[in-house]
Amino acid sequence: MTGGSTTGDDGAKAPSSGPQEPRAAWPLWEVFVRSSRGLSHVHAGSLHAPDAQMAVRNARDLYTRRNEGVSLWVVPATSIVTSDPDSKDQFFESPQGKDYRHATYYTKSEGVKHL
Amino acid sequence: MTTTAIDAGSRVDEDTAGEQLFNELIAQDSRIEPRDWMPADYRKALTRQISQHAHSEIIGMQPEANWITRAPSLKRKAVLMAKVQDEAGHGLYLYSAAETLGTPRDKMTEDLIAGKARYSSIFNYPVRTWADIGAIGWLVDGAAICNQVPLCRASYGPYGRAMVRVCKEESFHQRQGFEILLELANGTPEQRAMAQDAVNRWYAPSLMMFGPPDEDSPNSQKSMEWKIKRFSNDELRSRFVGMMVEQVKVLGLELPDKEIRYNDETGRWEHGPLDWNEFKEVLAGRGPCNAQRMERRREAHEDGAWVREAAAAYAEKQALKYAQAA
């Protein structure tokens, strides 16, 4: 698998209809930033770096120049496993039509306090 | 029927379904993501636009970096360094976005260095005095913001996301430029004259940053249909002129254009004629600093080769050690 495709949150594979891509000189890393204590790490973007240590340092310089983070994760883009974007309709079908999983489905209790 | 024919048939079906979904997403004002089907021309137009944008950020570091040693105080040096570092960051966000379309970053860098790729013509003008750093921040970054804010809603997801990040950081650039000019405008007569001179020289080039007039901009139409661009070149330029007209009053300086007026009928700001021949010349590589900028970029790339090679060799060695220990 080649790198170079995941600033989209949509999978680590190169676009199927895109031109063939030679192997990038430095691997691609996906960067996740925790903006403050109590919050999850959130995907911020990607970068190229020769190894993990450089990837963390570059991620700091690239994505936290204004105190945007208190913690960083870098993940080799090739290690990310994704759902198949071509079959997303079937794959995410199950919760469709199951409105009763949401509180808003239950309307008879409207006006009742603390419910 | 041969296997090849079946494959070809299913590919046609895939394309038809893909195109239908693409058109629906664009019509709904939704976003296109990297793995989605997209027309070849859409991919090509975006790759060109985003990579040119990235190159502009990278080349744009040069005129300002040249002034770090000459910035008048430690504070100004620190601010300018932060700004130049931001430009590098913006370039990298944009290269990442462009890569999602299938062109590797190394290829884009090669194209730039080989002179095959374009970047914004504005960076081919010389930065003569410290006041120019102020005028660049105020006018050039101001024009860039005007152009870039609507791009945050570009139909291609990764481009829009990169632009959100860029725009957040860009507003500091414009304010620091304004502040430099404001201090000079309220300084000695010489400083004031220097500020006015810088505004005089950067005004027209910054207006031309929005690109040729609508009637000479054949790609714009398609780009607006695809919702990459949201407003035409002239529309954005007019909006920018309207903002500058007000802001220049605070500076107590003048814009070098006697023909600026608000047209009640069209609801647009109008400005004097711009020298589009100059624009074409600079774009074609014959501007005052094109050769210098390209040479510096090549030199930096070649001088940095040993660092890239050493880092790659070290990473390889470490990986080998790790594998042997496991």
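Contact is taken throughout to mean heavy atoms within 4.5 Å. The model is predicted, so that local features need pLDDT of at least 70 and side-chain atom pairs count only at pLDDT 80 or more, whereas totals for chains, interfaces and linings use all residues. Residues are numbered from 1 along each chain as its sequence is written, chains are lettered from A and ligands numbered from 1 in the order in which they are written, and side-chain values use heavy atoms, with hydrogens and water left out.

Secondary structure was assigned from DSSP runs, with helices (H or I) of at least four residues and strands (E) of at least two, numbered from the N terminus. On this basis chain A contains two helices and three strands, arranged from the N terminus as β-β-α-β-α, while chain B contains 12 helices and two strands in the order α-α-α-α-α-α-α-α-α-β-β-α-α-α. Burial is defined by relative accessible area (buried under 20%, exposed over 50%, partly exposed in between, with a 1.4 Å probe and protein chains only). Of the 115 residues in chain A, 31% are buried; for the 326 residues of chain B the corresponding value is 50%. In chain A, 42% of the contacts between residues at least 6 apart in sequence join residues at least 24 apart, and in chain B residues 24 or more positions apart account for 77% of the contacts with a separation of 6 or more. The C-alpha trace of chain B spans about 85 × 65 × 35 Å along its principal axes.

Within chain B, the axes of α5(B) and helix α7 (residues 189-208) come within 8 Å and cross at roughly 35°, where axes are lines fitted to C-alpha atoms, for helices over the stretch in contact, and angles run from 0 to 180 degrees between N-to-C directions. The crossing of α5(B) and α7(B) is right-handed, that is, the near helix is turned clockwise from the far one by less than a right angle, anticlockwise being left-handed. Residues of α5(B) in this contact include B:Trp130, B:Ile136, B:Leu139 and B:Val140, and those of α7(B) include B:Met194, B:Val199, B:Trp202 and B:Tyr203. By class, the contact of α5(B) with α7(B) has 14 nonpolar, one polar and two charged residues, with Ala, Val, Leu, Ile, Met, Phe, Trp, Tyr, Cys and Pro counted as nonpolar, Asp, Glu, Lys and Arg as charged, and the others, Gly among them, as polar.

A cavity is a set of points on a 1 Å grid over the protein atoms alone where a 1.4 Å probe fits but cannot get out, and its lining residues have an atom within 4 Å of a point. Grid points are joined across faces, edges and corners, and a volume is the space filled by probe spheres set on the points. One cavity of 30 Å³ or more is found, and the largest cavity has a volume of about 50 Å³. Its lining consists of B:Gly60, B:Pro63, B:Glu64, B:Ile122, B:Phe123, B:Ile136, B:Val140 and B:Trp202. Two or more lining residues come from each of α2 (40-65) and α5 (130-148) of chain B, and α2(B) gives the most, with three residues.

Two loop residues of chain B were also examined. B:Phe210, in the loop between α7 and α8, counts as buried because its relative accessibility is 4%. Apart from neighbours within four places in sequence, B:Phe210 is in contact with B:Ala143, B:Cys146, B:Asn147, B:Asn233, B:Leu236, B:Arg237 and B:Phe240. B:Ser232, in the loop between α8 (218-225) and α9 (233-251), is likewise buried, at 9% relative accessibility, and touches B:Asp214, B:Met224 and B:Arg268, not counting residues up to four places away in sequence.

How values were computed
1 Å grid on protein atoms, 1.4 Å probe; cavity = no way out; pocket = protein on both sides within 12 Å on 5 of 7 lines; lining within 4 Å.
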